[in-house]
Amino acid sequence: MQNMTRTDRLALLISGTANVMQQPRCVLHTIGAFQFLDSPEFESSTLGNDSKFQVDIVAATPCRYLIWQRSGLEYLFTKESYLATVMNYIIARDITDKLYSLNDKVFKIVSNIVNRFLTLFLFHSYFFLLLCYRDIKDFILW
């Protein structure tokens, strides 16, 4: 939960879907199966840091997930550097996908606004030209 749950673990969604929400109940993006629930928070915090989640993660369908504690992962990564490298790439890819999904959402909103503006502009321009043409046509006929 936002401002309550600590970011000292990493969770992988095994099945189901969940929504990442921010106040006031705005869905930022959806998490599907085999995606991390909290990769941005995990990557941005460090061991011993007492930071909290900045978003709410709400199950959209029944979910199953796997959780690793940060301390256990950090210990494993110091022993297995290859595994640490692979996990860093996987987590980075997951974060990148989430950021792109946010950008797509913003792009769709902005393009919708631009499309409405252009439609309204073209609609008014068309009628303005029709009125001008009618006035010119009436003037020429006199």
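Predicted model: local features only at pLDDT ≥ 70, side-chain atom pairs only at ≥ 80, totals over all residues.
## Starting at Arg 70

Residues are numbered from 1 along each chain as its sequence is written, and side-chain values use heavy atoms, with hydrogens and water left out.

Arg 70 is found in helix α2. Helices (H or I, at least four residues) and strands (E, at least two) are DSSP runs, numbered from the N terminus. The C-alpha atom of Arg 70 sits 6.8 Å from that of Leu 10, although the two residues are 60 apart along the chain.

## The chain as a whole

The protein chain has three helices and five strands. Read from the N terminus, the order is β-β-β-α-β-β-α-α. Of its 142 residues, 24% are buried.

Its accessible surface comes to about 10600 Å², and carbon and sulfur atoms hold 65% of that. These areas come from the Shrake-Rupley method with a 1.4 Å probe, and for residues only the protein chains shown count as cover. As for contacts (heavy atoms within 4.5 Å), take those with a separation of 6 or more: 73% of them link residues 24 or more positions apart.

## The sheet

Three strands make an open sheet in the order β3-β2-β4, with antiparallel pairing. β3 (26–31) and β4 (56–59) are the edge strands, each with a single partner, so one side of each has no neighbour in the sheet. On average, neighbouring strands here are turned by 30 degrees against each other, direction ignored. The axes behind that angle are lines fitted to C-alpha atoms (for helices, over the stretch in contact), and angles run from 0 to 180 degrees between N-to-C directions.

Strand β2 (residues 18–22) and β4 run antiparallel and are joined by four bridges; two strands pair if DSSP finds at least two bridges between them. Within this pairing, Val 20 has Ile 57 in β4 as its bridge partner.

Is His 29 buried or exposed? At a relative accessible area of 12%, His 29 is buried.

Setting aside neighbours within four places in sequence, His 29 touches Ala 18, Asn 19, Val 20, Lys 98, Ser 101 and Leu 102. One of these, Val 20, is the bridge partner of Ile 57, and another, Lys 98, turns up again in a salt bridge with Asp 94.

## Salt bridges

How many salt bridges does a search of the whole structure find? The search turns up three, counting a side-chain nitrogen of Lys or Arg within 4 Å of a carboxyl oxygen of Asp or Glu. Back at Arg 70, its side chain meets that of Glu 74 at 3.1 Å, N to O. Both residues belong to helix α2 (residues 70–79), four residues apart, or about one turn of the helix. Glu 74 is partly exposed, with a relative accessible area of 29%.

Next comes helix α3 (residues 81–141), where Asp 97 and Arg 93 are four residues apart and so separated by about one helical turn. Their closest N and O atoms are 3.2 Å apart. Asp 97 counts as partly exposed at 35% relative accessibility, and Arg 93 as exposed at 55%. Asp 94 and Lys 98 are also four residues apart in helix α3, with their closest N and O atoms 2.7 Å apart. Both Asp 94 and Lys 98 are buried.

Ile 14, Phe 34 and Leu 66 make up a nonpolar surface patch, with about 290 Å² of accessible area together. Patches are built from residues with over 30% relative accessible area and no salt bridge: like charges are joined within 9 Å, nonpolar side chains (Val, Leu, Ile, Met, Phe, Trp, Tyr) within 5 Å. Leu 66 lies in strand β5 (residues 64–69) and is partly exposed at 38%.

Phe 34 is in the loop between β3 and α1 (39–44), and counts as exposed at 62% relative accessibility. What is the phi of Phe 34? Phe 34 has a positive phi of about 65 degrees, although it is not a glycine.

Technical notes:
Buried < 20%, exposed > 50% of the residue type's maximum accessible area, 1.4 Å probe, protein only.
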